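Subject: Handing over a structure, with notes

Hello,

Here is the structure I promised to pass on to you. Please have a look at it first, and then read my notes below.

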Amino acid sequence: MVDIQFSPAIMGWKRSVVRGASQATALVQRNVYIRLAVTIAFEVALIAITFCSNFLSGYIFNHFFDFKASRMAAMDNALRIIKAEKLFGMFIEQAVQKWNSDYIGGWSFWNTYYAGAHPVVTAGVLVILLVRMLYWQTFRSNWKKLRSSVDQTSPSPFRTEEERSPFHVQNPAQQYYFLRSVWILGAWIAFLGFVFIPTMPPRLLPTCDYFNNTGLNVGGCIANDFTFVDTIGRFGSLLWDWEDPSVKTLNNPYAAFPSQHSLFACWVAMVWICIWGPSSQTVTAFRRPAAFWLHFLGRWSIVLYPMLTIYCIVVTANHYIFDAFGGIAALALSYVIVSWRTSKKKEGSPSSPHPEMLPV
């Protein structure tokens with residue numbers, strides 16, 4: 001057996017190659033962590049700015065607009081909404097509030113729900129989506145395997161468009177960017193409504209003794225025509241009150257149309273329905289197993305959240321029913337725009353086994 005001896009030069013070169021490879025690996029890992037940190041910082045900043053869109057509209061009103069003129073415009077827009085609701089037989093806000101007061105009550109719950117559920121639930125869903133996306137980018141592993149609701153090899157002709165939706169073949173990063181882009185765009189569409197269509201909420205129409213931080217009256221002073229009760233002002237909530245100095249300074253009292261509460265609640269429902277995914281049970285025209293219906297009920301039970309939210313914003317006299325419809329319309333418009341933008345990016349990008357979707 002021949003004993004092969006390498007020269008010191010070759011051994012030194014070999015050690016240099018190994019050392020260089022380890023340094024390159026460490027550099028790549030550092031770059032990955034840096035990219036993740038930058039991604040987290042950017043997404044958190046983007047989400048935080050979007051949550052502050054209501055406050056930004058209030059700042060614009062206080063510093064760039066004539067507040068008294070805005071107050072009159074807000075009251076006129078509110079009366080137009082009421083007139084339109086009466087035309088369609090939908091002006092039921094006063095009756096619903098009175099019915100709740102007579103038979104249900106629970107104003108502390110409804111006021112706290114209005115003040116807290118809106119930001120907390122939405123932020124929680126965004127955090128879950130972001131962490132899920134970061135987990136996938138780090139480990140290329142998905143928490144939740146999204147499956148088609150039918151066997152892809154099945155010849156069954158009863159697949160729905162939803163079951164063939166391309167969303168369910170996207171990776172978690174693509175899904176995150178799509179869903180968060182829909183939310184962000186919808187929120188800023190609502191912001192445009194707050195600025196250019198100021199609307200006095202129902203609770204302020206009969207009010208004549210509520211003032212902003214500069215001492216100007218923000219109410220409509222038409223108590224003879226309306227009986228709305230400002231439930232937060234009268235009963236308070238466990239989180240904040242209209243008289244809090246920070247609320248008076250930051251809040252836009254005329255940010256009623258479209259309703260961000262209904263927009264965000266419907267977005268949360270959309271996320272739940274999309275991420276849950278269709279049932280994996282085989283579906284035929286005449287036979288659907290019990291597991292399919294359990295999955296169906298679990299998936300669509302989330303619609304109770306936007307329904308409860310819309311009831312809350314109406315019963316507390318913070319929004320009209322048309323405001324809720326406006327929020328849903330803003331979400332639908334945002335979804336259409338982001339879907340169109342995403343499809344255009346797909347057409348312009350080369351096909352690959354794991355296509356990456358850039359933020360919209």
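A word on ring pairs before anything else: rings of Phe, Tyr and Trp (its six-membered ring) count as a pair if their centres lie within 6.5 Å, and a pair is stacked with planes under 30 degrees apart, edge-to-face over 60 and tilted for the rest. By that rule, F51, W183, F264 and W267 are linked into a cluster.

Two notes on how to read the rest. This is a predicted model, in which local features need pLDDT of at least 70 and side-chain atom pairs count only at pLDDT 80 or more, while totals for chains, interfaces and linings use all residues. Residues are numbered from 1 along each chain as its sequence is written, and side-chain values use heavy atoms, with hydrogens and water left out.

The overall build

The protein has twelve helices and zero strands. Helices here are DSSP runs of H or I with at least four residues, strands are runs of E with at least two, and both are numbered from the N terminus. Of the 360 residues in the protein, 46% are buried; buried means under 20% relative accessible area, exposed over 50%, and partly exposed in between, with a 1.4 Å probe and protein chains only.

The UniProt record, an unreviewed entry, lists residues 36-61, 113-135, 177-197, 261-278, 290-314 and 320-338 under "transmembrane region". UniProt positions are given in the numbering used here, feature names are shortened, and annotations may be inferred rather than shown by experiment. In the model, the chain over residues 36-61 is 96% helix and 0% strand, with its end C-alpha atoms 38 Å apart. Over residues 320-338 the chain is 95% helix and 0% strand, and there the end C-alpha atoms are 28 Å apart.

Helix α5 covers residues 107-139, which is 33 residues, and spans 47 Å from its first C-alpha to its last. That is close to the 48 Å expected at 1.5 Å a residue, where the expected span is 1.5 Å times one less than the number of residues. Do look at A117 in α5: a kink of about 40° lies there, shortly before the proline P119. The bend at a residue is the angle between axes fitted to the seven residues ending there and the seven starting there. Just after α5, R140 takes a positive phi of about 50°.

The largest nonpolar core has 73 residues, and L129, L179, M200, L205 and W267 are those with the most contacts inside it. Such a core is a set of buried Ala, Val, Leu, Ile, Met, Phe, Trp, Tyr and Cys residues joined through side-chain atoms within 4.5 Å. Several helices each supply at least two residues of this core, among them α1 (8-51), α6 (172-196) and α12 (321-348). W267 also belongs to the ring cluster with F51, W183 and F264.

More on the rings

The whole structure holds 23 aromatic pairs. One of them is edge-to-face: the rings of Y59 and F64 have centres 6.2 Å apart and planes at 65°. Y59 is partly exposed, at 43% relative accessibility, whereas F64 is exposed, at 60%. The rings of W272 and W276 form a tilted pair, with centres 5.4 Å apart and planes at 45°. Both of these tryptophans lie in helix α9 (residues 260-276), four residues apart, about one turn of the helix. W272 is partly exposed at 38% relative accessibility, and W276 is partly exposed at 28%.

Loops worth a visit

Most residues other than glycine have a negative phi, and most peptide bonds are trans. A cis peptide bond joins F257 and P258, with omega about -5°, and P258 lies in the loop between α8 (245-250) and α9. That loop also holds N251, which counts as buried at 18% relative accessibility. N251 and L56 are 195 residues apart in sequence and 8.8 Å apart in space, C-alpha to C-alpha.

C221, in the loop between α6 and α7 (231-235), has a positive phi near 60° and is partly exposed at 32% relative accessibility. A317, in the loop between α11 and α12, has a positive phi near 65° and is buried at 1% relative accessibility.

Enjoy exploring it!

Best wishes
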